[in-house]
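Here is a structure to explore through a few "how do you know" questions.

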Amino acid sequence: MNPQKMFLYGAIVLAGLAGPFIFPNNQVQMTELWLFIVFALTWDLVGGQMGYNSFGNVVFFGIGMYACAVVQIGLVYDVGEYTAAKGGGTAFIFDLAQYIWGFAIGLPVAAMLAALAACVLGSLVLGMRGHYFAICTLGLGIAAGEIAAGWDWIGAGSGMTPAPPPHDIDNVNRLFYYMAFALAVATFATIAWLLRTRFGLAINAIRDDEDKAEAMGMFTTRIKVTAWVIAATFLGAAGGIYGNLKRFIDPLDTAFSGATIGVWMVLMAILGGKGTLWGPVIGAIVFQVTKELFWTYLLGWQRVALGVLIVVIVVFFPEGIVGRVRQMFPERFGPRADAREGAE
Amino acid sequence: MFRVMKFAAAAVIATGAMAGTQAFAADDVITLGAAVSLSGKYSTNGEHTQRGYDLAVQVINERGGVQVGDTTYMLEIKYYDDESTATRGAELAERLIQQDGVNFLLGPYSSGLTKAIAPVTEQHGVPMVEGNGASRSLFTSGYRYLFAVLSTSEQYLASAIDLAAERAADLGKAPNELTVALAFENDPFSQDVRAGVVEDAQRHGMQIVIDDKLPKELNDMATTLTRVRALQPDLLVVSGHARGAATAIRQIQEMRVDVPMLAMTHCDSAKIIKEFGDAAEYTLCASQWAPTLTYQDDLFGSAADYAALFEKTYDYAPPYQAAESSAAVMTFVDAFQRAGTLDRAAVRDALAATDMQTFYGNIRFDETGKNIAKPMVLYQVQNGAYVVVAPSEWAAADPVLPRPGWADR
Amino acid sequence: MPRRGWRRMNNIELLFSSPAIAGGLLIDGILFGSIFALIAYGLALVWGVMNIINVTQGEFVILGGFAAVVMADNGFHPLLAVPVAALVLYVLGRLLYRTIIHRIVDRDLFTSLLATFGISIVLQQLMNIVFGGDPRNADAGLGVWFAFDYSIVLSKVKLLAFVLAIVVGAALVVFLKMSRLGQAIRATAQNARAARVVGIDTNRVYEATFALNAAICGAAGALAATAYTIHPYIGLPYTVRSFMIVIIAGLGNIGGVLAAGLGLGAAEYYAGFILGAEFQIAFVFGLLVVVLLARSWWLGRKRRYLK
């Protein structure tokens with residue numbers, strides 16, 4: 001790593017750490033931004049780097065969200081009773097230790113369950129290619145949401161309220177912010193590292209020509225499932241944080257929200273530049289800022305604007321911001337022969 | 001095209017209202033924040049909610065605003081569109097409080113959205129008065145800053161069940177022989193109404209023979225109705241916001257499903273009489289409010305006066321969603337005046353001590369923040385009009401029970 | 001709730017307790033499926049010929065429905081709206097093709113999915129602004145036909161939709177086989193490059209195909225508005241079911257689309273009856289995944305892939 005890069009990463013981490021103190025009023029939006037970066041990065045690992053366009057990654061997000069909430073509650077109370085009481089009530093109170101332990105156990109469980117789901121579903125559906133994979137994952141996402149909406153134990157269509165934060169934490173959103181920030185950094189570091197290994201080369205090979213990759217002796221299915229599992233792990237943890245951040249889990253609007261978060265994660269990756277490391281990050285930032293501006297200034301028309309934005313991005317700007325910059329300044333930002341120096 | 005003109009007219013009114021308020025200095029304005037559903041699945045009721053708020057603000061400002069301490073303030077509402085999703089509602093509440101510096105929130109439409117927003121207002125200590133989140137669970141969570149002017153979910157159809165029990169003889173049965181079919185949308189509000197109905201039915205010893213959750217993308221309930229036809233329950237209860245009401249009326253007529261009693265919610269917000277005419281006849285509808293009630297206040301006058309003003313302004317009769325929204329604004333105004341300051345905590349305490357009558361009904365909150373001074377009413381559609389049939393003190397007519405079969409109409 | 005499983009057993013018993021229930025449900029389901037079959041024809045055409053998955057199908061349907069509602073409001077018979085809606089949507093289809101769709105024809109399917117998703121949000125929102133969010137219905141006043149003392153009741157509007165589904169299907173087959181444009185469409189679907197080589201203006205073919213699809217959706221929408229209720233945000237069920245039908249039936253097989261449409265309608269109704277309405281949609285999508293997995297597994301045995 002050269003000094004320039006060290007400086008860049010250091011500046012980003014510092015800005016991330018200081019963020020909530022500089023803009024305390026935008027803390028929640030910044031928390032969301034870090035999570036959006038996780039969404040875009042994990043989608044891009046499978047969609048951009050491996051060429052498997054998934055519309056169903058919300059499945060892992062939703063599983064993580066419910067898993068984390070269930071663990072947080074289940075450690076202290078009976079989950080069925082809690083959801084039957086429709087969201088806590090004064091009878092369900094968590095003290096600080098219970099709350100923190102809930103997260104300490106809930107988030108890893110969320111990540112592991114999501115990973116397990118990816119492992120099972122992946123070995124089933126990753127045999128499909130191209131469009132049919134996209135369509136099948138779309139179906140998975142919607143079916144998962146509908147099943148959650150019919151399952152009484154987790155509140156069914158009435159939704160579920162994650163464990164209410166104890167009163168002795170006065171700024172619980174700051175806790176969520178740093179969890180989201182840490183997760184985003186971990187996701188970025190992991191994916192950046194992965195892309196420099198043979199595994200990164202392998203998934204790129206699958207994207208470029210899966211049949212040839214297989215002919216070269218790669219266990220393509222195993223590699224594909226592994227990539228999806230990695231994406232799902234981070235997404236599951238992100239879901240756990242997101243559910244607590246929103247404090248109310250609606251099965252279709254929050255957890256398995258294919259038409260919003262499910263599409264947004266794809267859009268952010270495309271907007272920034274599919275198949276690049278920094279693209280999804282930049283895409284998430286630009287998207288989040290644009291979306292917030294639309295809501296502020298275009299009351300009632302914001303969805304029209306969002307729709308137009310989607311069309312414009314996809315139709316006129318498919319190479320994304322990073323892709324466009326690379327085309328314009330190939331000497332400075334273009335792909336280099338030594339880019340894979342870390343690969344063994 | 002008519003809609004377009006209405007939209008244009010509303011836009012002109014809105015611009016006018018804005019221009020009016022801008023004439024005053026910024027510090028003489030109290031800004032209330034509201035995230036309402038202007039788009040998405042609740043857009044019908046979101047619009048009713050917004051119009052209820054707007055009408056109250058308009059009338060209050062015309063009367064010279066709100067006197068708080070020594071200063072007179074104009075009211076203004078900062079709106080966002082929550083797109084009928086809980087996630088968005090919570091984000092927007094956060095934004096109203098944190099970035100727009102709004103100190104007082106009006107509620108969104110629907111229990112689900114209110115559930116998502118209440119933790120946010122609670123955390124920031126921002127009082128919220130809402131008129132459209134009826135779920136009972138909102139008031140068992142220990143929220144201190146949430147106040148609801150409406151009756152809670154379990155009361156919605158209680159009078160319909162009681163009516164069935166009372167009039168069981170007309171259906172040729174004892175109350176505990178009655179069978180009930182339930183079809184409720186799978187969302188927080190409707191499911192909470194269902195919980196209330198189940199309790200009431202069990203209290204009377206009725207048997208529940210169908211218990212369906214209708215999907216949120218609701219445009220067809222034929223499978224449920226087929227079962228209704230096969231099992232012939234005495235009472236069919238449907239709730240699923242405006243779309244649920246419209247779909248049920250349409251398909252019950254089309255499939256010629258005969259039930260002795262049909263009770264539902266959101267009849268007036270779905271405009272079932274205008275839209276379906278005769279098909280809507282004899283339907284029992286739960287309502288928070290009716291224009292024929294005898295409540296009054298100084299601002300709007302009687303309930304009938306409010307209805308007339310609303311109809312003049314927006315060209316249709318006010319559904320109760322609009323009335324309760326207007327009442328929410330009035331509750332805030334009353335609290336501001338009594339508090340004599342715009343301090344959040346003081347206003348909160350003033351709200352908790354509210355005891356007033358409005359055109360919409362009496363408003364007095366218990367310690368959990370729900371209004372305990374106002375009962376629900378039950379309408380029946382008779383000869384193309386909503387007629388109050390229960391509770392008996394307001395009943396204008398006797399309910400027609402059982403519903404005449406389709407073959408006899 | 002421990003009663004759930006018990007209730008489902010009861011539902012199965014109930015279903016087969018009387019032929020009127022099982023039969024009535026079957027007929028209702030088939031009629032329900034016919035509107036989706038209509039929409040699926042268009043999707044199959046666009047997908048097969050242009051390689052575009054049009055997520056805007058549902059919004060086209062709802063727009064057609066609003067055409068019927070507006071006409072009914074102004075004193076016309078709503079069934080007159082069937083041709084009118086088709087015409088309006090035809091024009092809209094051409095317009096959309098010229099502005100946006102022609103740019104995504106050569107791109108991958110994924111792009112088309114996202115781009116048409118964007119268009120569908122815009123259309124939903126514009127309908128909400130123009131027509132309002134109320135659930136609407138345009139009653140055609142056709143009444144019902146019934147038998148066995150109301151144990152089987154058929155809505156005549158739904159029967160009409162069913163007849164129309166068959167007629168449009170037959171007309172499409174004839175059109176594609178016999179007419180010049182139909183032949184050009186089929187040629188383009190088989191090999192667009194070769195079609196260009198022999199002098200077919202594929203751009204015109206695409207435009208006609210997309211507009212034809214929109215027109216069919218519009219007609220279906222006018223029927224949907226008379227048979228069901230419509231609402232600016234209720235397009236999704238139409239989109240996803242047409243989608244599902246095309247996947248089951250495969251592309252370029254009009255008869256298969258009709259059969260799949262009617263079959264899915266019936267299957268869905270039986271599922272809704274037995275499992276309860278809350279699992280009806282889950283069933284449809286579960287079925288989608290199962291169908292795809294089965295096809296993938298079948299092809300996998302021959303070392304081929306579903307793509």
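Q: How many residues of chain B are in contact with chain C, and what makes a pair of residues count as a contact?
A: This is a predicted model, and in it 37 residues of chain B are in contact with 37 residues of chain C. A pair counts if the two C-beta atoms, placed from the backbone, lie within 7 Å.

Q: Which elements give two or more residues to the side of chain B that touches chain C?
A: They are α1 (2-22), α2 (43-62), β8 (207-214), α7 (222-231), α8 (241-254) and α9 (272-276) of chain B. Sorted by class, that side has 13 nonpolar, 10 polar and 14 charged residues.

Q: How do you know that β4 and β5 of chain B pair?
A: Pairing needs at least two bridges between the strands. Two bridges join β4 (residues 104-106) to β5 (residues 128-130) in chain B, and these strands run parallel. One residue to look for is L106(B), whose bridge partner in β5(B) is V129(B).

Q: What makes the sheet of chain B "mixed" in its pairing?
A: Look at two neighbouring pairs. Eight bridges join β1(B) to β3 (residues 71-81) of chain B, and those two run parallel; G33(B), for example, has K78(B) as its bridge partner in β3(B). β2(B) and β3(B), in contrast, pair in the antiparallel sense over three bridges, and here Q67(B) has T72(B) as its bridge partner in β3(B). With parallel and antiparallel pairs both present, the pairing is mixed.

Q: What lies between β2(B) and β3(B) in their hairpin?
A: Two residues lie between the strands, and G69(B) in the turn has a positive phi of about 60°.

Q: Why is one side of β2 and of β6 in chain B left without a neighbour in the sheet?
A: Six strands of chain B form an open sheet in the order β2-β3-β1-β4-β5-β6. β2 (66-68) and β6 (146-148) of chain B stand at the edges with a single partner strand each, so one side of each has no neighbour in the sheet. From one strand to the next, the twist averages 35°.

Q: Which strands of chain B does helix α11 lie across?
A: Helix α11 (residues 320-339) of chain B lies across β1 (29-36), β2, β4, β5 and β6 of chain B, and runs at about 30° to β2(B).

Q: How many residues of domain 1 of chain B are in contact with domain 2 of chain B?
A: The domain assignment gives domain 1 (2-151 + 291-364) and domain 2 (155-287 + 377-408) in chain B. Between them, 19 residues of domain 1 are in contact with 14 residues of domain 2 in chain B. On the domain 1 side, α2, α4 (111-124) and α11 of chain B each supply at least two residues.

Q: Why is chain C called as compact as a globular protein of its length?
A: The globule rule gives 19 Å for 307 residues, and the radius of gyration of chain C is 20 Å, close to that value, so chain C is as compact as a globular protein of that length.

Q: What makes a residue of chain C count as buried, and what percentage of its residues are buried?
A: A residue is buried if 20 or more other C-beta atoms lie within 10 Å of its own. Buried residues make up 56% of the 307 residues in chain C.

How values were computed. Residues numbered from 1 in each chain as written. Chains lettered and ligands numbered in written order. Predicted model: local features only at pLDDT ≥ 70, side-chain atom pairs only at ≥ 80, totals over all residues. Helix = DSSP H or I, 4+ residues; strand = E, 2+ residues; numbered from the N terminus. Axes fitted to C-alpha atoms, helices over the stretch in contact; angles between N-to-C directions. Nonpolar A, V, L, I, M, F, W, Y, C, P; charged D, E, K, R; others polar. Domains from an automatic or database assignment. Rg over C-alpha atoms; globule rule 2.2 N^0.38 Å. Buried ≥ 20, exposed ≤ 12 C-beta atoms within 10 Å, placed from the backbone.
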